[in-house]
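Here's a quick tour of a sheet and a ligand site. Have the viewer open while you read.

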Amino acid sequence: MDITDLATRIQNGERRALARAITLVESGRADHRAQAVELLEQLAKTQRQALRIGLSGTPGVGKSTFIEAFGMMLTGQGLRVAVLAVDPSSARSGGSILGDKTRMERLSRDPNAFIRPSPSQSALGGVARRTRESIALCEAAGFDVVLIETVGVGQSETMVAEMSDLFILLLAPAGGDELQGVKRGIMEMADIILVNKADGDLKATATRTCADYAGALRLLRKRPYDPPEFPKAMTVSAVEEHGLAEAWAEMRALSDWRREQGHFDARRAEQARHWFEEEVRQGLLARLHQDPQTRAQMRALGEGVARGEVSIGAATRDILVALGAA
Ligand code: GDP
């Protein structure tokens with residue numbers, strides 16, 4: 001594979017080249033990994049930046065309906081929109097979010113949109129790398145907005161928030177007791193909560209739910225680096241396409257503010273550092289598992305530790321020495 005050629009075609013916005021590159025970063029093969037690293041290295045020079053928006057919500061809350069309507073609104077404004085999905089549960093369930101082609105039918109036909117379903121992968125570390133690198137590829141391809149969709153599984157939400165500029169939580173209208181069902185940690189990550197399905201019979205409930213969440217958000221720790229009205233809660237209707245422009249205006253207002261204050265770049269820098277360290281950790285772990293000799297030594301030392309013949313400290317030191325990491 002000619003990596004330089006692939007890089008050029010990605011920068012020219014060729015969707016097939018982008019799709020192929022994402023397949024490359026998803027691959028577990030060592031030669032593919034080397035090519036992926038080279039490709040990302042070449043593309044890093046483009047310095048293109050998209051607004052990375054993480055979007056989370058439990059199944060059925062209306063994520064795909066929202067993304068389709070929201071995405072169509074953005075492409076209607078001349079923006080190019082990429083949608084990536086993170087679904088660590090897909091390996092277990094056999095299916096995957098965005099996997100079925102009937103989702104986001106209109107958006108998937110839009111030449112200014114690119115939709116990539118979640119691959120079946122189990123390890124969150126692998127999902128993280130794939131998503132992070134896919135974001136970088138979409139940015140190099142000149143997309144203005146990258147939406148990263150995830151289902152409501154705690155760990156994946158944290159991961160997505162850590163690679164997004166903005167984190168949006170999509171919720172359904174609900175009784176007051178369900179408010180507690182949203183984990184505090186997830187609420188704390190949200191920049192904007194969107195209560196979807198604010199239409200028809202559900203409108204009044206949605207308005208009440210929104211007020212409940214607005215109250216809950218006010219009780220959370222303030223973020224000294226954001227305007228005081230954030231994080232905020234709003235109602236939307238993905239089906240009736242209400243509130244989408246308002247939600248987009250708030251997302252822009254918040255990201256513009258952070259840019260002006262220098263927090264946007266600072267956050268990205270911090271995220272880059274975090275993911276670098278995470279990659280090194282994953283790389284070391286992979287090495288530990290791949291090398292049969294070290295694995296055998298680990299097993300033997302584990303038994304020695306269990307029998308009380310070797311101390312944990314000494315056994316650990318021996319393994320790190322064997323890995324060349326100490
Ligand atoms: P996802 O699983 O989060 O992707 O949710 P979907 O987008 O597939 O939507 C789940 C169900 O909720 C579908 O039957 C949608 O038609 C419905 N739905 C989504 N958005 C809205 C909305 O704004 N209003 C109403 N009334 N229903 C909606």
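Which residues are closest to the ligand, and how many surround it? There are 15 residues around the ligand, and the closest are G60, K63, T65, R103 and D199; a residue counts as near if one of its heavy atoms lies within 4 Å.

Before going on, some housekeeping. The model is predicted, with local features needing pLDDT of at least 70 and side-chain atom pairs counting only at pLDDT 80 or more, while totals for chains, interfaces and linings use all residues. Numbering starts from 1 along each chain as its sequence is written, and side-chain values use heavy atoms, with hydrogens and water left out.

A polar contact here is a pair of N or O atoms within 3.5 Å.

| Residue and its atom | Ligand atom | Distance |
|---|---|---|
| G62, polar backbone atom | oxygen | 3.0 Å |
| N196, side-chain N or O atom | nitrogen | 3.1 Å |
| V239, backbone N or O atom | oxygen | 3.1 Å |

On its own the ligand has 580 Å² of accessible area, and the protein covers 68% of that (Shrake-Rupley method, 1.4 Å probe).

**The sheet**

Now for the strands, which are DSSP E runs of at least two residues, while helices are H or I runs of at least four, both numbered from the N terminus. Seven strands make an open sheet in the order β3-β2-β4-β1-β5-β6-β7, with parallel pairing; two strands pair if DSSP finds at least two bridges between them. At the edges sit β3 (113–116) and β7 (232–235), each pairing on one side only. From one strand to the next, the twist averages 20°.

Zoom in on β2 (residues 81–86): four bridges join this strand to β3, and six link β2 with β4, again in the parallel sense. V81 has A113 as its bridge partner in β3 and V145 in β4, while A82 is partnered with F114 in β3.

Are the residues of β2 buried or exposed? Six of its six residues are buried, meaning under 20% relative accessible area (1.4 Å probe, protein chains only). V81, V83 and A85 point one way, and A82, L84 and V86 the other. In a regular strand, side chains alternate between the two faces of the sheet.

**Helices on the sheet**

Helix α4 (residues 63–76) lies across β1, β2, β3, β4, β5 and β6, and runs at about 175° to β4. Helix α10 (residues 203–219) touches β5, β6 and β7, and makes about 175° with β7. Contact means heavy atoms within 4.5 Å; angles run from 0 to 180 degrees between N-to-C directions, with axes fitted to C-alpha atoms, for helices over the stretch in contact.

Technical notes:
Buried means under 20% relative accessible area, exposed over 50%, partly exposed in between (1.4 Å probe, protein chains only). A polar contact is a pair of N or O atoms within 3.5 Å; within protein, one must be able to donate a hydrogen and the other to accept it, and residues adjacent in sequence count only if both atoms are side-chain atoms.
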